[in-house]
Amino acid sequence: MRNQGKLALLCAAFVAGASITSSVLAHGNVTPQAVDTTTLPEIGEAWLKQNPYRGNAAAAKIGESAYGQNCARCHGLEAESGGIAPDLRYLEVGDTGDEWYIERFQHGSSHDGKVYMPPMGEVLGQKAGWAIRAWLETKHQE
Ligand code: HEC
């Protein structure tokens with residue numbers, strides 16, 4: 001209970017910040033953490049639109065840890081959002097969801113000159129992106 005209270009306070013502080021990213025940056029520790037994907041099948045350089053690792057348990061396992069290191073601070077532990085960023089459990093599954101997912105992963109999101117989500121594609125690479133997506137699909141909720 002005490003921890004939940006703290007968490008709620010922390011979230012409120014985030015929401016109150018003028019820009020999500022600058023308040024996150026102020027905490028340091030935002031450098032994307034490299035993800036070791038060497039054991040996963042090669043998928044080439046060109047960005048795919050559909051997840052080549054869908055249903056791949058080994059990929060999902062790598063994705064789970066990659067998510068914890070790179071996404072959880074905004075999207076929530078175990079993909080359960082605390083409200084700072086969208087809850088990724090509700091992303092559409094399958095090909096259409098893949099396309100939307102990878103677009104955001106690759107380019108992030110900014111509007112009105114503010115970065116809401118930093119681009120992840122170049123730093124983490126698409127193998128890590130699809131591994132995270134494979135894990136997210138195991139957490140999907142309607
Ligand atoms: C600095 C905080 C932050 C980090 C880190 C972050 N995101 Fe996001 N993400 C956001 C915000 C905020 C939005 C909503 C953007 C908007 O509404 O324009 C978002 C949107 C998304 C969306 C679209 C969701 C939807 O329902 O439309 C996806 C997919 C996504 N993020 C995936 C990821 C993944 C995967 C990672 C880790 C590799 C990640 N994000 C890391 C803040 C973050």
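This is a predicted model: local features need pLDDT of at least 70, side-chain atom pairs count only at pLDDT 80 or more; totals for chains, interfaces and linings use all residues.
**Ground rules.** Residues are numbered from 1 along each chain as its sequence is written, and side-chain values use heavy atoms, without hydrogens and water. Local features need pLDDT of at least 70, side-chain atom pairs count only at pLDDT 80 or more, and totals for chains, interfaces and linings use all residues.

**Iron.** I looked up what holds the ligand's iron atom, and found His75 (NE2) and Met117 (SD) coordinating it at 2.0 to 2.2 Å. Donors are N, O and S atoms within 2.8 Å of the metal (3.2 Å for Na, K and Ca); water is not among the atoms, so sites may look incomplete. I then checked burial: His75 and Met117 are buried (under 20% relative accessible area; exposed is over 50%, partly exposed in between, with a 1.4 Å probe and protein chains only).

**Helix α5.** Helices are DSSP runs (H or I, at least four residues), numbered from the N terminus. I found 14 residues in α5, residues 94-107. Its buried residues are Gly94, Gly97, Asp98, Tyr101, Ile102 and Phe105. Just after α5, I noted that Gly108 has a positive phi of about 70 degrees.

**Rings.** Rings of Phe, Tyr and Trp (its six-membered ring) pair if their centres lie within 6.5 Å; planes under 30 degrees apart are stacked, over 60 edge-to-face, and the rest tilted. I got 4 aromatic pairs by this rule. Trp47 and Phe105 make a tilted one, with centres 6.3 Å apart and planes at 50 degrees. Trp47 is partly exposed at 31% relative accessibility, whereas Phe105 is buried at 4%. Ring pairs also join Trp47, Tyr101, Phe105 and Trp130 into a cluster.

Terms used: Helices (H or I, at least four residues) and strands (E, at least two) are DSSP runs, numbered from the N terminus. The expected span of a helix is 1.5 Å times one less than its number of residues.
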